[in-house]
Amino acid sequence: MGERASIFYETETPQASRELAELRTSPDYVPPFEVVRRRVIDDFYEGRMTIDATVVLRVGDVEETEAARGVGVVHALDLALRKALLKYFPFLEIVRVTETYTHASGESTEAEVMSAKKFSAGHLTWTPLGKSANSDEAGWKTLVDGYEWRIIMESHKRQRQGENPRLSRR
């Protein structure tokens with residue numbers, strides 16, 4: 001990662017993270033979903049490493065539980081999270097994580113880890129940033145923030161279209 005990582009981490013906090021932080025400080029903010037809990041099982045099965053993740057979300061008054069198997073912790077969590085969210089937010093079907101950057105700053109294994117994921121939904125791209133002493137937690141935070149940001153933006157777009165039907169439907 002070398003030079004590319006150092007350039008990336010010298011930039012300011014990505015727009016999606018700034019917008020979410022501002023929204024979350026509003027007293028009337030209600031997140032589109034809440035993570036009730038998550039669990040990851042890292043196992044050796046049939047001669048190879050397997051990662052299973054379970055995610056429990058609350059959307060409104062309903063709890064949704066989904067599980068998935070991935071090639072790594074964050075991948076398995078992403079698959080389980082998407083499965084649960086797609087039931088309520090089908091427009092997320094086209095959303096993909098297109099790039100992932102992870103960087104640890106510090107000399108020990110307890111160093112702060114920064115994770116950024118670039119998301120794409122066709123012509124739209126956005127990047128959230130997560131920080132934690134745990135690399136999996138930093139990656140998880142960027143997943144949650146990335147999907148939450150997209151849901152909020154779609155909700156705002158639909159609200160504007162409802163107020164003014166002449167607005168573009170794209």
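Where in the chain is the place of Phe 89? In this predicted model, Phe 89 is found in the loop between helix H3 and strand E4, the latter spanning residues 96-105. With a relative accessible area of 11%, Phe 89 falls under the 20% cut-off and is therefore counted as buried. Beyond its neighbours within four places in sequence, Phe 89 is in contact with Pro 32, Val 59 and Ile 151.

The protein as a whole contains 4 helices and 7 strands, which follow one another from the N terminus in the order α-α-β-β-β-α-β-β-β-β-α. Of its 170 residues, 38% are buried. When contacts between residues at least 6 apart in sequence are considered, 43% of them join residues at least 24 apart. The average pLDDT is 88, and 88% of the residues reach a score of at least 70. Residues 1-10, in contrast, have a pLDDT below 50, and in the model this stretch makes 12 contacts beyond near neighbours in sequence.

The largest nonpolar core comprises 32 residues, among which Phe 33, Leu 81, Leu 85, Leu 92, Leu 143 and Tyr 147 touch the most other members. At least two residues of this core come from each of H2, strand E2 (48-59), helix H3 (73-86), E5 and H4, and the greatest contribution, 8 residues, is that of H3. For Leu 81, the contacts outside the four neighbouring places in sequence are with Phe 33, Val 55, Leu 57, Trp 140, Leu 143, Val 144 and Tyr 147. In soluble globular proteins, nonpolar side chains tend to be buried together.

Aromatic side chains were examined next. Across the whole structure, 4 aromatic pairs are found. In the pair formed by Phe 119 and Tyr 147, the ring centres are 5.4 Å apart and the planes meet at 80 degrees, so the arrangement is edge-to-face. This pair links distant parts of the chain, since Phe 119 belongs to strand E5 (residues 112-121) and Tyr 147 to helix H4 (residues 135-163), at a separation of 28 residues. Both partners count as buried, because the relative accessible area is 0% for Phe 119 and 1% for Tyr 147. Through ring pairs, Phe 119, Trp 126, Tyr 147 and Trp 149 are linked into a cluster.

Helix H2, which spans residues 15-25, has Ala 16, Ser 17 and Leu 20 as its buried residues. Viewed down the helix axis, these buried residues of H2 lie within an arc of 95 degrees and therefore line one face of the helix. Glu 22 and Thr 25, which are exposed, are carried on the face of H2 that is turned away from the buried side.

Glu 64 has a relative accessibility of 14% and so counts as buried. The side chain of Glu 64 is joined to that of Tyr 88 by a polar contact of 2.7 Å. Apart from neighbours within four places in sequence, the residues in contact with Glu 64 are Val 55, Val 56, Leu 57, Ala 84, Lys 87 and Tyr 88.

Conventions:
Residues numbered from 1 in each chain as written. Heavy atoms only, no water. Buried < 20%, exposed > 50% of the residue type's maximum accessible area, 1.4 Å probe, protein only. Polar contact = N/O pair within 3.5 Å; in protein donor to acceptor, adjacent residues only side chain to side chain. Contact = heavy atoms within 4.5 Å. pLDDT = per-residue confidence, 0-100. Phe/Tyr/Trp six-rings, centres within 6.5 Å; stacked < 30°, edge-to-face > 60°. Arc of directions from axis to C-beta. Core = buried A, V, L, I, M, F, W, Y, C linked by side-chain atoms within 4.5 Å.
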